[in-house]
Structure formats: structure tokens, C-alpha cells
Amino acid sequence: MAGIGVSTNIVPKDNRLTWSGLLDAIRTLLANRRNPVTIPVENWDGKKEEQKAQVLDEAVKEKSAHLDYRQFVSVIMRNVALPDTADFADAIEKLGLPIATTNYDLILDHCLKRFEKNVSEIDNIDNHSDFVYHVHGVWFDSSSVVLSEDDYDNTQVEFLSAMEKLLKGSLGVDEHRSLLFIGSTKGVVDKHFSALYTDPRFNHLTHFTILRRATVKQLLDENPEFLNALKANKLVPIIYGENYEELQPFIAGLPTSTNENPPIRLYENRKRPRDEDVAYIE
């Protein structure tokens, strides 16, 4: 499951690719419209990203019944640069796993010459090497974007249904793959994934998230949902190093589908990662 860190690694210095940068850009765009929508500082500063999105949603609806705040996602992201190739994207592809993302951009899709497939279109993953699965929507289809608290609530059933198809294993009807998060931080315990961890269909699964050591410590200090997921053995952090620059070489060094140790052994809960690469919480 590719997060924001994948896109910002491939296209650095474009703040629109981060949740906070995108939301700030929408807020600025609204304030500069002919009929401005102004968000007071007290309704913005210190809020979580999904709360900021909710503030935008409610402010736009109050101003105009025919507008949806998600339409401004399309306006802001339509000219994001799309590189033709990227070593990081190639390293992810070589794992040989289905590639899904919470990102709205098409950076991975473009680099890997794949088609985008929205969450509502996922039926099976037999031909997963042709697609990047967008579980939170794509920028050019504003109605598909999941960003505010209401968006998460309204799409939870659809999201879990898509996860049932994405995580279906190849070894039997009752088998499921685990998720491997790459480039995600707080997103691994958003409303959708938190619901996934407690859904009876996936209750036997442990998922993995690749993080910097400092990021693990920060999440443990600041995010109770992250700590709870670790204690419940729903989520295991794999530490790739101290600096962001170490992520790509780490991904490139993981077992691939052409290795003697194919990734299905790890991602279908048949083998845990090496102890020295995992941060366990007592």
C-alpha cells in the first residue's frame, strides 16, 4: 500500500502531494476566489488532516450548494509533474505484489505504465500487474476522493469490500494477504484501516509498515491508535533506517517474486520479518 512518501520520493519538493500541503492549497484557492470562502485560523490550526477537510467541506457547502470541496483537488493536482521513470517505482514493482495506493495522483501509474483502477471498479486482482489500485480515489474524479471525516464514513463499506478482493490470497479460499505499507505514516491507522484491523474477515492478519526509526517513536508518542494496533498485533513496524534516503535501497533489497523466498511467504502471514528489522512493543 503506497502512501504519500512514495509520491514525494519520486516528485520531491511538490508540497501539493502531501495531505497538509494539498489542504492548505485548497484553503488558499478558496480564499482567492471571486466569491471567497474564508476559513478562520481557529478552525484550522492544530486540526488533523481529515478534520481540516471536513472544515473545507462544510464551508464550501455553506457558500454554494452546487460545489463540492473535492472539486478543488482536481484543480490543484491537474498539473502535477509525471516523470516517465523512477527507480523507486521500479523497486516497488519488482516485489511482484499487487500495488495499491491511498494517493490521488497518478505518479506510480505513469512511471510503471499501468492503468489506474478506482476502488469501486475492483472486482479481482488476477491481472494486477496492469493496474495501480486507488483505494481513496483519483484526482480527476472528485466524487471518488476520500479526504474528510464524512468521506471516510460514507465509503467504509466500499473500502472494506475492495480490501476483501485486494487481500484475497492465492493459496485457498480462506487465505488473505497482509498489507505492506510503504511511504505511509499516520495513514496506517486512519478510519478505513482501523476498521480493517477489527473486521472479522481479516481478524487473523498482521500487517507491516516500513518506517524510519524516528517516525516509529513519534507515532508511539503522539498517536494512540498506532500503539493500540501494535499491541493488538494488527500492525508491525519494520525500521528501514534513520534517513528518508535509505528507503529506496531498503525496498530494492527486499525479496522479490523471482527470489527463492517469494514475498507471498511474508505477506500472507507465513513468515515474520527478521527480528533485527522489526520494532516490537512490549
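**Cavities, pocket and nonpolar cores of the predicted model**

The lining of the largest cavity comprises 15 nonpolar residues, one polar and one charged; here Ala, Val, Leu, Ile, Met, Phe, Trp, Tyr, Cys and Pro count as nonpolar, Asp, Glu, Lys and Arg as charged, and the others, Gly among them, as polar. The model is predicted, so that local features need pLDDT of at least 70 and side-chain atom pairs count only at pLDDT 80 or more, while totals for chains, interfaces and linings use all residues. Residues are numbered from 1 along each chain as its sequence is written, and side-chain values use heavy atoms, with hydrogens and water left out.

The largest cavity holds about 270 Å³ of space, and of its 17 lining residues Met1, Leu97, Pro98, Ile99 and Leu180 are the closest to its centre. On a 1 Å grid over the protein atoms alone, a cavity is a set of points where a 1.4 Å probe fits but cannot get out, whereas a pocket is an open set with protein on both sides within 12 Å along at least five of seven lines; lining residues have an atom within 4 Å of a point. Three cavities of 30 Å³ or more are present.

The largest pocket has a volume of about 1,300 Å³, where a volume is the space filled by probe spheres set on grid points joined across faces, edges and corners. Among the 41 residues lining this pocket, Ile4, Trp19, Thr185, Lys186 and Gly187 lie nearest its centre. By class, the pocket lining has 16 nonpolar, 16 polar and nine charged residues.

The largest nonpolar core has 53 residues, of which Ile10, Ile210 and Ile251 touch the most other members. Such a core is a set of buried Ala, Val, Leu, Ile, Met, Phe, Trp, Tyr and Cys residues joined through side-chain atoms within 4.5 Å; buried means under 20% relative accessible area (1.4 Å probe, protein chains only). Helix H3 (residues 49-63) gives the largest share of this core, five residues; helices (H or I, at least four residues) are DSSP runs, numbered from the N terminus. A second, separate core of 31 residues includes Ala162, Val188, Leu205 and Ile239. Beyond its neighbours within four places in sequence, Ile210 has contacts (heavy atoms within 4.5 Å) with residues including Leu180, Tyr240, Phe250 and Ile251. Buried residues make up 51% of the 282 residues in the protein chain.

Definitions and conventions. Buried < 20%, exposed > 50% of the residue type's maximum accessible area, 1.4 Å probe, protein only. Helix = DSSP H or I, 4+ residues; strand = E, 2+ residues; numbered from the N terminus.
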